[in-house]
Amino acid sequence: MKRLTIFLSLLLSLVLVAAACGDDDAGTTTTAAAESPATTAAAAPATTQAPATTQATPTEPPDPILIGSLHPLTGGLAGAGNRMNNGAQMAVDEINAAGGIASLGGAPLELVPADSTGAADVGASEAERLINDGVSAFIGTYQSAVTTLVAAIAERDGVPLVIDVAVADSILDVGLTNVFRIQPNATSMGANGAKFLSELGGGTIKTVAYLHDDTSFGVEVSAAFAAAAGQYGIEVIADIPYAPFSVTDLTTEMAQAAAGGPDVIVLTGYYNDGILAARAATDLEVDVMAIVGIAQGAFHTPQFVEDFGADSELFFNSNYHFNSSDPKVAAVLAKFEAEFDDAMDTEAMLAYQAIYVIADALERAASSDPADVRAALATTNIADHFLAFPGPIAFDETGENVNAEPVLMQVIDGAVQQVFPLPLRETDPVFPGTPWGG
Amino acid sequence: MRGRSRTAAWAGLVVVVAVAVPQSAWWDMNHTVFAQAVVSGLLIGGVYSLVAMGLSLVFGVLDIINFAHGALMTIAIYASYLLFQNYGLDPYLSLFITIPLMFIIGVGIQRFAINPVMDAPVHNQLLLTLGIAIIIENLALVLFTGTPRSIELAYARNEFDLGVVTLDFPLRLFGAVVSLPKLIAFLVALLLAGALYLLIQRTQLGAAIRASAQEPEGAELVGIDVDRIYMITFGVGAACVGAAGSLVLPFLFVSPTAGATFTIIAFVVVVLGGMGSIPGALVGGLVIGLTQELTQLFVPGSTKFLGVFVVFLAVLLFRPEGILGRVRR
């Protein structure tokens, strides 16, 4: 009896191993097959299709086009990273359901997820893996520090990278030809943030204290703000950096920011530290006209409103945003929520959008060769997009989206509402305004 | 010789502080900021102490460097969060669930994972605890996604009439703000530190734990089941982060790496306070909390932890056995 059990379990494990190996083989063949048409499809489509017809039905669709998706799927930023990956997957599924890339014979897209773990070195090696896997283009990476390194690899290997989220100017400053960015860069974030403050206060905001994370993200955005603030008569009277991934409390930092008696406290950072900053401001009941995020990762998200309830009221954030006044966007949000049981944020929308940008380039290039995709990306002009930008998505010679601008949002009556610029306004801002009525 | 160099070190530190502080930035600034740094430092220091106590106990008794300590805290934070979300259970009441739960998990880990490698080389044990941490964090990622969540206590900003005085939270202390969740975390951490100290020093179980730590073979000879003591000790260590998890939930956030944030600091506290010393962990936690917040006033940002590691290095140099540690030979 015991022998039989041992024999059966051995047999079972053998079958399992065999099955696993079989899967593996299938996986490698499809990847290899996908690579060859990537380079030859444009030149000789007939020859690549010929062997396929000998063993399968003639109606079998062409091999999928691989698109990489590189985000922090584990580690402290895994929440945002996984939502972005889900957003990208949703776009891929939609495009495939609508018949794939028509100019390539209806070739479907296949998303290849990769995990940067939030670390630049891991992100770099994962980018190399994606390129070795034969992706036609890839999207990523949520963090400026990671993107800087990954962009250099994309440039070296000639595979286009479409940045969904990563703000630092320095990524594209160095003259890359294979890297494109959909979201506003640090200069746009900082300068528009200063402009919004001026419009919001109508000249009453004279001094701000700036609390920001000390990675390249927070440092660049706060520097861009300080550079632009002067022309609106706004002075940065305190600049307080903090370590975003190791803080467990920001009360002392918030007290430092409030100590000089600024008109407004401005914050730049990620989600977790945003929560800590909001808590500290609420506990201290800081005596300011408003708390304003600039490219802040928390104050415009559904999670923030959901978790903080009444305490989230009246927080401002100037950030990229999906166009919440567009009914098409509402449908995407609802679909995401139904599919992943998670509220879609703008980061996920940007990843979703990035896939559509690449699909558009593939369609126009009629080729999945990275060089052709790059050339097509450079002439992108998508007016029908999902973001709150003043014009179509189009890239200048440095790869920046010419119409990438943030919007100013405020949590009003339990919802994140767009208040500036005026064409995108959903409701009038409450200013001065803090949850504790300061 | 040792005594004199120690005195010199302390005197040097006092002189440096006395000279540097009046000329520094905070002196000109509002005194409230200084008060806030002290208050915040002490409050967060209490939590550091509680986390470090469990780590210190496990290290002192089992000689195991437990890299999974922060991950165990993550389990406790999620447990409290889920109890709050699904059953509306107050995080402070969930202490009565998370402490025993983590004790049982700790006993289980010791029984099935660590006891078998007690005699293995130290790097094997290290890899094992690191592996447990990775498994826990990624399980949390799969089960709960990486989205950080947080809860708000309905009564965090209330007045409490205690008969003699009325406390209006958040409390003001010399201009510094004391939020209710942080105060409760601090007080409960002190209470648990006292309880743990009494358990180790005054009970028969504590005597057995100390015996197993000092001389496992001797303890075995006088009839102590050392393996069982090890299981209980690891369980108690895990129960410490069980408590810490419930206590930090109202003012921190929950995510798969929330507990890991405390791991490095806890190691520093353990070494600083003296390996295996419960009062040492308490003092070490408060010192580190204070150092960290006061450093923020001078050199903000990531360099906030500079002060922590300067103090750490100074202690290693001048008092390698830790502030309250016993000299090991």
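Two residues are taken to be in contact if their C-beta atoms, placed from the backbone, lie within 7 Å. In the present structure, which is a predicted model, 33 residues of chain A are in contact with 35 residues of chain B. On the side of chain A that touches chain B, at least two residues each are supplied by helix 3 (78-97), strand 7 (235-242), helix 9, helix 10 and helix 11 (302-308) of chain A. When the residues of this side of chain A are sorted by class, 11 are nonpolar, 14 are polar and eight are charged.

Two of the elements that contribute to this side, helix 9 and helix 10 of chain A, also pack against each other. The axes of helix 9 (residues 251-259) and helix 10 (residues 271-284) of chain A come within 9 Å and cross at roughly 60°, and the two helices of chain A are therefore oblique to each other. The crossing of helix 9 and helix 10 of chain A is right-handed. From helix 9 of chain A, the residues Thr251(A), Met254(A), Ala255(A) and Ala258(A) take part, and they meet Ala277(A), Ala280(A), Ala281(A), Asp283(A) and Leu284(A) in helix 10 of chain A. Within this contact of helix 9 with helix 10 of chain A, seven residues are nonpolar, one is polar and one is charged.

Chain B contains 13 helices and four strands. For a chain of 329 residues, a compact globule would have a radius of gyration near 20 Å, and the value for chain B, 21 Å, agrees with this. Along the principal axes, the C-alpha atoms of chain B fill a box of roughly 60 × 60 × 40 Å. Of the 329 residues in chain B, 51% are buried. Among the contacts in chain B with a separation of 6 or more, 75% are accounted for by residues 24 or more positions apart.

The axes of helix 8 (residues 204-214) and helix 10 (residues 226-248) of chain B come within 10 Å and cross at roughly 110°, which makes helix 8 of chain B roughly perpendicular to helix 10 of chain B. In this pair, Ala208(B), Ile209(B) and Ser212(B) of helix 8 of chain B meet Val226(B), Ile229(B), Tyr230(B) and Thr233(B) of helix 10 of chain B. The residues of the contact between helix 8 and helix 10 of chain B comprise five nonpolar, two polar and no charged.

Some details of the backbone remain to be described. Most residues other than glycine have a negative phi, and most peptide bonds are trans. In chain A, however, the phi of Tyr142(A) is positive, near 85°; Tyr142(A) has its place in the loop between strand 3 (137-140) and helix 5 (144-157) of chain A, and this residue is buried, with 27 other C-beta atoms within 10 Å. Asp341(A), which is not a glycine, likewise has a positive phi, of about 55°, and is found in the loop between helix 12 (327-340) and helix 13 (346-365) of chain A. Asp341(A) is exposed, with 8 other C-beta atoms within 10 Å.

Conventions:
Residues numbered from 1 in each chain as written. Chains lettered and ligands numbered in written order. Predicted model: local features only at pLDDT ≥ 70, side-chain atom pairs only at ≥ 80, totals over all residues. Axes fitted to C-alpha atoms, helices over the stretch in contact; angles between N-to-C directions. Parallel < 35°, antiparallel > 145°, perpendicular 65-115°, else oblique. Left-handed = near helix turned anticlockwise from the far one by under 90°. Nonpolar A, V, L, I, M, F, W, Y, C, P; charged D, E, K, R; others polar. Rg over C-alpha atoms; globule rule 2.2 N^0.38 Å. Buried ≥ 20, exposed ≤ 12 C-beta atoms within 10 Å, placed from the backbone.
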